[in-house]
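I opened my notebook to look up a few things in this model.

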Amino acid sequence: MENRRNSGGDALSNWINIGDVKIKFVKNYTDLPTIRLKHAIHFAACTFSGPLALAFSNTETSWFIDIVMSGGVYLKHKLEVPDVFTMEWTKGHRLVVIDRRGNATLFSALGDRVSEFHFGNGVREVREVRVFPTARDSGVAILDDQARIFVVNSVNEPIVWSMQNSGRNYPSAWTVLQPRSQLTQVIVAVGTTFYTGCQGEQLNVVETPFSESDGQYARMAVSTDHSMIALYHSSKIIQVVSADLSRQISRVNVPGDESIFRFGWVGQDALFLQRTPLFVQFFSVHDENAHYDLQTKFTEIGVESDGIKLYTETGMEFASPVSRDERAVLGVASASDGALLYEAAQWLNTNKSHQSYEYAMQIRDLSLAIEQCISTASSVWSSDLQKALLKAAHFGMAFSNGYDSNRFARILRELRVLNEVHRRRIGMPITYSQFQELGESCLINRLIDIAAYGLAAEICSWLKRDQQEGIDRVLLEWVRRTINKAASTVNTSELNMQALDEKIANKLMSYPHVSLADAAKRAIDAKLPKLARLLIKREKDDSKQVQVLLQLGDIQEALTRAAAAQRPQLMHQVVRHLMKGQKRAEYELAIRKIPLAQCLYQDLIREESDRGSGKMILALLEQASDFERQTMFHLDAMENELNPAERLNCLRRAKESARNMGDKGVEELLSDMAAFAPGQSERGQDQMTIRDTVIEFAADPQKVAQFKHQAKLTDKQVWLWTIEGLAKMGKMEQLFDMAQKKSPVGYVPFIKACMKYNRREESKKYFAKVHGYQELVAATMAMGNFVAAAKMAFDRRDRDTLQLVFMKSHSDKEAYAKVGQLVKSF
């Protein structure tokens, strides 16, 4: 049978065999405007096919950075910065620029300053920097001239910690990684000795049976999934080892000299070694001697999770391992089901269409063939080849009942998205694999970051994103940036607010589900209240309009709008806002002009607890015979009353209401309080609670007995309060005599009271009397010895008590860390 896989043949022309690995080279962009790559002192390529950053120096104290997309479109030209030691892109699409003294500044893709942080005043000179991916964003680590390593786990929440290097030996190679859901780990090689340590630990020597006997390890590169580390040794070998350094996976011989410019992974099965900007070598992880030498123009490399990007001054080429499905469908003389289906589809529209039937009859698993064609289509760059493969898949689906058509429809939408962002005007050559790892939401965020709002909105529509998380967010980001740009570039007094209002309104009117009130709030944030007032006039939702008017301080306008809406709840919101934020005379004057507002205000007044409205509330409660609320009303009044006689009257009225309610328990309690209150007045202690009174007179047993009788206190209450009172007054002998009696509360309260009033030596007397596991744990914690208490619980395998000790030890940082270790090892 004849073969018609011509388009596949074009793809095969760029496949290179390196042992059992095939690497494909795809030219993404050619003949681009020159980006001055040779003149740049520093270069950084953002992962997931983001922007490039090129740093140039005019003088030692004057630098500027160009930010450009892979397609040649400049996002920022000549971003001025004082100093650049190095720069890297983070996973969160931020450019981090670090100077020689350890100052880090974050910039957006458009060159706007986002934030900054410092690694510490003790950093004299930065020698090396590592940016490492984390679960959510990226972390940064620096190595200074004293061989100290400082680490920030997240550039968005920069908390600096250091890794102590007790030997002060300068590393020959080092790296930092954060495995998923684990602590950040630092790996250092000094010659052929390896050290590792996690956050909060020191670097410790690791046994590495694979280590060479002499020479030194010069470079380390961590694989994307953090499962392997590639090590380059000065004896011209590469060793691939497990991430925990426990075993060697493979060993590769490196031909040529020892020079090395850059080193890293190409997917999971290959490695690259850039000797010079003009020469790159590729190696198979699984073959000791297989390699491929690539002579290039002046090239900078950007590492991706599934390959590497080779940037020249006028183009970009992507090198990546050929996937299994690509080999199956497009490989030479392949007899896989996917290859047969692709061949059958190629013959379908020719004058030898019977050949299509012959190939189709050889397919053993049609679902597998369809899947292979779809998978291959997602892996290739050429849109023509994508179409041919998808046609083959569609042809196979016509004869298959079991294949899910939703998968096919989904891949069509996603390839449409990818092909659109691949265009030079966007210049984001993201692969399908990178897109799956990055996610739809993050891709849209990146388009917003580079101000590609139109395409971001279209992609939201193509991918059928939720409106609030999709188009709404894109449009509001456009509004925010439009307003901020106008506010920052022109004197606000000269800004044409009408034109800006028309521009924003015309855009948002096309999307009626997007609120103009949100646009008005952005204008308020940008300190453009005039623009906010113009925008809010167009808002049709009364509640949103009123909310923004209140935010603007347009009280009368908000009241008028709320009254016109005839919505009491909205008016209630406005009145409440006025009562919180303005003087009474001012808001009453505004409310008086609107009858509905005045009625609602009067209702609110009845709910307030001041004296003027209290009588009205009490009258309403008495009318309704609501004795429970009457009791609560009198108790509230007693609490706010300063006159002792009136406080007693309020208490008696509360007792009367409790009697009418028929609650004997509350009535007895209030009777006890009423009996105790006159004595408090005589002593001038109306504001003191029963507890405070017992503590005050703890040294007088007769008084304490009297209070116990009057207030009907329990033995336990009297003991606890007396103990605290004696400790507070320093009556240690009397306290010790009390401890000789049979205590209903044990000895822990004695210890707590002594510790509270700084009498540690006295507390030891009572600690000796403590017996029983629970009492000992409580006493040990009361003494402040949380670690000992935790060990007692740990020895008993008592998880609940151990957790309790851990929670209570937070005031002592050292103890908190040690107890935390016990909790983790439980």
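**Entry 1**

I looked up Glu724 and found it in helix α26, which covers residues 715-729. I kept in mind that the model is predicted.

Next I asked: is Glu724 buried or exposed? Its relative accessibility is 13%. Buried means under 20%, so Glu724 counts as buried.

Which residues is Glu724 in contact with, leaving aside its neighbours within four places in sequence? I noted Arg691, Ile695, Ala753, Lys756 and Tyr757.

**Entry 2: helices α5 and α6**

I moved on to a pair of helices. Helix α5 spans residues 366-379, and helix α6 spans residues 383-397. They pack at an angle of about 160°. Their axes are 8 Å apart. Angles over 145 degrees count as roughly antiparallel, so α5 is roughly antiparallel to α6.

I also checked the handedness. The crossing of α5 past α6 is left-handed.

Then I listed who makes the contact. From α5 come Leu366, Ile370, Cys373, Ile374, Thr376 and Ala377. From α6 come Gln386, Leu389, Leu390, Ala392, Ala393, Gly396 and Met397. I sorted the residues of this contact by class: ten are nonpolar, three are polar and none is charged.

**Entry 3: helices α31 and α33**

I picked another pair. Helix α31 takes in residues 786-795, and helix α33 takes in residues 813-824. Here the packing angle is about 10°, with the axes 9 Å apart. How do the two helices run, parallel or antiparallel? Angles under 35 degrees count as roughly parallel, so α31 is roughly parallel to α33.

On the α31 side, I wrote down Phe786, Val787, Ala790, Lys791 and Phe794. On the α33 side, I wrote down Ala815, Lys818, Val819 and Leu822. By class, this contact has seven nonpolar residues, no polar ones and two charged ones.

**Entry 4: the whole protein**

Last, I stepped back to the totals. I read off 33 helices and 29 strands. The protein has 826 residues, and 49% of them count as buried.

The protein exposes about 41,200 Å². Carbon and sulfur atoms supply 48% of that area.

My final item was contacts along the sequence.

Note on methods:
Residues numbered from 1 in each chain as written. Predicted model: local features only at pLDDT ≥ 70, side-chain atom pairs only at ≥ 80, totals over all residues. Heavy atoms only, no water. Axes fitted to C-alpha atoms, helices over the stretch in contact; angles between N-to-C directions. Helix = DSSP H or I, 4+ residues; strand = E, 2+ residues; numbered from the N terminus. Parallel < 35°, antiparallel > 145°, perpendicular 65-115°, else oblique. Left-handed = near helix turned anticlockwise from the far one by under 90°. Contact = heavy atoms within 4.5 Å. Nonpolar A, V, L, I, M, F, W, Y, C, P; charged D, E, K, R; others polar. Buried < 20%, exposed > 50% of the residue type's maximum accessible area, 1.4 Å probe, protein only. Areas by Shrake-Rupley, 256 points an atom, 1.4 Å probe, with all protein chains shown as cover.
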